[in-house]
Amino acid sequence: MGKLTIGCFASLVGSTNLDFAVKLAGAALDKGHKVDLWVSGNGTMLSLQDQRAFKDYSYLEKPVKELMEKGLNVTACEACAEARGYHDSNTLEGVKRFSMDWYLGSTFDADRVLHIGGE
């Protein structure tokens, strides 16, 4: 199987880009692909631990944890996270934090690259 690198550049409010990126990552993992998921901008909220589930509201901590157990590699833009108050101390276990050079390196050896968002 191949490697898919997904870059999610989630918008401020009202976007389902992050939800779609997580679902796509899960589908690719289920087919046996290796998946790197990069989140930046407001998408770094994915890296925040102790999220709270609400009925009829996007809640991604549990699905992301399950996908990471299957091999999903999640990395958040460190500068974006820090700017939003997400620090090492409150980052979801298993989520990496690096600068954008990590993302560029991941795209270099990927079979496919998909950029989601950025509107």
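These legends accompany several views of a predicted model.

View 1. From the N terminus on, the elements run β-α-β-α-β-α-β-α-β. Along the principal axes, the C-alpha atoms fill a box of roughly 35 × 30 × 30 Å.

View 2. Take the contacts in the chain with a separation of 6 or more: residues 24 or more positions apart account for 73% of them. Of the 119 residues, 44% count as buried.

**View 3. The surface and its charges.** The chain exposes about 6800 Å². Carbon and sulfur atoms supply 54% of that area. The side chains include 13 positive and 16 negative ones. The centres of these two sets lie 5 Å apart.

**View 4. S47 sits in the loop between β2 and α2.** Strand β2 spans 34-41, and helix α2 spans 61-69. S47 counts as buried because its relative accessibility is 0%, where the cut-off for buried is under 20%. A polar atom of the S47 side chain lies 2.6 Å from the backbone oxygen of T44.

**View 5. The surroundings of S47, beyond its neighbours within four places in sequence.** With those neighbours left aside, S47 is in contact with A76, Y86, N90, T91, L92 and V95. L92 also touches E61, the residue shown in the next view.

**View 6. E61 is a buried residue of helix α2.** The relative accessible area of E61 is 5%. Buried means under 20%, so E61 falls in that class. Which backbone nitrogen does the side chain of E61 reach at 2.6 Å? It is that of Q51. The backbone nitrogen of D50 lies 3.3 Å from a polar atom of the E61 side chain.

**View 7. The contacts of E61, not counting residues up to four places away in sequence.** E61 touches L48, Q49, D50, Q51 and L92. Among them, D50 and Q51 are the residues whose backbone nitrogens were described for the E61 side chain, at 3.3 Å for D50 and at 2.6 Å for Q51.

Technical notes:
Residues are numbered from 1 along each chain as its sequence is written. This is a predicted model: local features need pLDDT of at least 70, side-chain atom pairs count only at pLDDT 80 or more; totals for chains, interfaces and linings use all residues. Side-chain values use heavy atoms; hydrogens and water are left out. Helices (H or I, at least four residues) and strands (E, at least two) are DSSP runs, numbered from the N terminus. Buried means under 20% relative accessible area, exposed over 50%, partly exposed in between (1.4 Å probe, protein chains only). A polar contact is a pair of N or O atoms within 3.5 Å; within protein, one must be able to donate a hydrogen and the other to accept it, and residues adjacent in sequence count only if both atoms are side-chain atoms. Contact means heavy atoms within 4.5 Å. Accessible areas come from the Shrake-Rupley method with a 1.4 Å probe; for residues, only the protein chains shown count as cover. Lys and Arg count as positive and Asp and Glu as negative; His and the chain ends are not counted. The place of a charge is taken as NZ of Lys, CZ of Arg, CG of Asp or CD of Glu.
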